[in-house]
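Trainee: I am new to this structure. Please take one part, look at it closely, and then show me how the rest is built around that view.

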Amino acid sequence: MKKIFATLALATFTFTAYATDVGQTAPQFTLPTLKNDSSIALKQFAGKVVYLDFWASWCAPCRTSFPLLNKLHAKLKSQGFEVVAVNLDEDKINVEKFFQEIPVDFTLLLDAKGEWADQYVVESMPTSFILDKNGIVQKIHHGFTSDDMKELESKITELLAKK
C-alpha cells in the first residue's frame with residue numbers, strides 16, 4: 001500500500017510541476033525584436049530586475065497592462081528595472097497594429113511559434129515572471145487588472161533594493 005501511495009504521490013507531483021517555477025533560474029532564450037529585425041538574449045538583462053511578460057495582441061488584459069507597465073518602466077528603469085514583453089501572435093501585423101494604438105518604450109520580442117511560452121508553461125494571457133538580478137524567478141503572475149500594479153510594483157521595488 002505504501003508503494004502505491006508513493007507512486008501516486010510522485011505521479012501527482014510530476015503532473016503538477018512547472019517547467020519554470022518560483023526559485024528556479026529562468027530558461028534562457030534569444031528572440032527577434034519587433035522593431036528592427038535584430039535579436040535579444042534574456043541574458044543581456046543580467047544584473048537587472050526583469051518583468052518578463054508573455055502576451056498576445058488579442059488579450060484584453062494586455063491592453064490594460066501595457067500603459068501601466070510602460071509608466072512603471074519609465075519610473076524604475078534608472079534603478080535597474082526592465083520590462084521584456086514576449087509576443088505570441090503568429091502574425092506580426094497584429095502586433096504592429098497593437099503598438100500603433102498602445103506605444104511602449106520597453107523591449108518587445110517575438111515568439112510566434114510559442115516555443116518559449118511552452119518552456120515557461122504559459123497557460124493564460126498574460127503570464128508574467130518577475131526575475132531577480134540573478135535571473136531567478138521570484139514571482140509568477142497570471143492575468144492582469146489595474147489593481148495588480150500595486151502588488152507588482154512592491155515586489156519589483158523590493159528586488160531592486162537587494163544587493
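**The disulfide and beyond**

Mentor: Start with cysteine 59 and cysteine 62, which form a disulfide with sulfur atoms 2.4 Å apart. A disulfide here is a pair of cysteine sulfur atoms within 2.5 Å. The structure holds one of them. The link between cysteine 59 and cysteine 62 is right-handed, with 85 degrees about the S-S bond. Both cysteine 59 and cysteine 62 are buried. Buried means under 20% relative accessible area, exposed means over 50%, and partly exposed lies in between, with a 1.4 Å probe and protein chains only.

A word on the basis. This is a predicted model, where local features need pLDDT of at least 70 and side-chain atom pairs count only at pLDDT 80 or more, while totals for chains, interfaces and linings use all residues. Residues are numbered from 1 along each chain as its sequence is written, and side-chain values use heavy atoms, with hydrogens and water left out.

Next, aspartate 89. Aspartate 89 sits in the loop between strand 4 (81-87) and helix 3 (92-101). Helices (H or I, at least four residues) and strands (E, at least two) are DSSP runs, numbered from the N terminus. Aspartate 89 is buried, yet has no salt bridge. A salt bridge needs a side-chain nitrogen of Lys or Arg within 4 Å of a carboxyl oxygen of Asp or Glu. For aspartate 89, the nearest side chain of opposite charge is arginine 63, 9.0 Å away. Lys and Arg count as positive, Asp and Glu as negative; His and the chain ends are not counted.

Aspartate 89 does have a polar partner. Its side chain joins that of serine 57 in a polar contact of 2.5 Å. Such a contact is a pair of N or O atoms within 3.5 Å; within protein, one must be able to donate a hydrogen and the other to accept it, and residues adjacent in sequence count only if both atoms are side-chain atoms. Set aside the neighbours within four places in sequence, and aspartate 89 is in contact with Ala56, Ser57, Trp58, Asn94, Val95 and Ala112. Contact means heavy atoms within 4.5 Å.

Step back into strand 4, where valine 86 lies. Valine 86 counts as buried because its relative accessibility is 0%. Beyond four places in sequence, its contacts include Phe29, Leu31, Leu52 and Trp55. Leucine 34 is 52 residues from valine 86 in sequence, and their C-alpha atoms are 9.7 Å apart.

Now the loop between helix 4 (115-120) and strand 6 (127-131), where proline 126 lies. The peptide bond from methionine 125 to proline 126 is cis, with omega near -15 degrees. Valine 121 is in the loop between helix 4 and strand 6 too. Valine 121 is not a glycine, yet has a positive phi of about 55 degrees. Valine 121 counts as partly exposed because its relative accessibility is 23%.

Charged pairs come next. Side chains of opposite charge can pair when their charged atoms come close. The whole structure has five salt bridges. In one of them, glutamate 153 meets lysine 75 at 2.5 Å, N to O. This pair links distant parts of the chain: glutamate 153 is in helix 5 (residues 148-161), lysine 75 is in helix 2 (residues 60-76), and they are 78 residues apart. Glutamate 153 is partly exposed at 22%. Lysine 75 is exposed at 51%.

Lysine 139 and glutamate 151 form another, with closest N and O atoms 2.7 Å apart. Lysine 139 is in strand 7 (residues 137-142) and glutamate 151 in helix 5, 12 residues apart. Lysine 139 is buried at 19%. Glutamate 151 is partly exposed at 43%.

Lysine 155 also forms a salt bridge, with glutamate 158, at 3.5 Å between the closest N and O atoms. They are separated by about one helical turn because they are three residues apart in helix 5. Lysine 155 is buried at 18%, whereas glutamate 158 is partly exposed at 37%.

Last, the whole protein. It has five helices and seven strands. From the N terminus they run α-β-β-β-α-β-α-β-α-β-β-α. Of the 163 residues, 47% are buried. Among contacts with a separation of 6 or more, 70% join residues 24 or more positions apart.
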